[in-house]
Amino acid sequence: MDGVLIDCKYLHAKAFINAWNTLNTNQIDEIYHEKFLDGLNTKGKIRFLENKFLCSVNTQSIFDL
């Protein structure tokens, strides 16, 4: 029902940014997220950022935060 009763897009983006920034020294912000990550699922975002920053992230750690 996401988007029908409530719009959680902003909350998901904010949560992802917070989790990523907690686990990585390569920080992102809302503008970066909107420009490059908007529309990707969480695993897609992680893959994109791993390739961009040449790093490896434990995907489960993002979901755990």
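This is a predicted model: local features need pLDDT of at least 70, side-chain atom pairs count only at pLDDT 80 or more; totals for chains, interfaces and linings use all residues.
Local features need pLDDT of at least 70, side-chain atom pairs count only at pLDDT 80 or more, and totals for chains, interfaces and linings use all residues. Residues are numbered from 1 along each chain as its sequence is written, and side-chain values use heavy atoms, without hydrogens and water.

**Two faces**

Helix 2 spans residues 30–37. Helices here are DSSP runs (H or I, at least four residues), numbered from the N terminus. Buried means under 20% relative accessible area and exposed over 50%, with a 1.4 Å probe and protein chains only.

| Side of helix 2 | Residues |
|---|---|
| Buried | Y32, H33, L37 |
| Exposed, turned away from the buried side | I31, E34, K35 |

Seen down the axis, the buried residues fall within an arc of 100 degrees, so they line one face of helix 2. The arc is taken from the directions from the helix axis to the C-beta atoms. Their cover includes helix 1 (9–23) and helix 3.

**Packing on helix 3**

Helix 3 covers residues 42–53. The two helices pack at about 105 degrees, with axes 11 Å apart. Helix 2 is therefore roughly perpendicular to helix 3 (65 to 115 degrees). Axes are lines fitted to C-alpha atoms over the stretch in contact, and angles run from 0 to 180 degrees between N-to-C directions. Helix 2 brings Y32, H33, F36 and L37 to the contact; helix 3 brings K45, F48, L49 and K52. Contact means heavy atoms within 4.5 Å.

**The ends**

D29 caps the N-terminal end of helix 2, with a side-chain oxygen 3.2 Å from the backbone nitrogen of I31. G39 follows helix 2, and its phi is positive, near 100 degrees.

Notes
Angles under 35 degrees count as roughly parallel, over 145 as roughly antiparallel, 65 to 115 as roughly perpendicular and the rest as oblique. A polar contact is a pair of N or O atoms within 3.5 Å; within protein, one must be able to donate a hydrogen and the other to accept it, and residues adjacent in sequence count only if both atoms are side-chain atoms.
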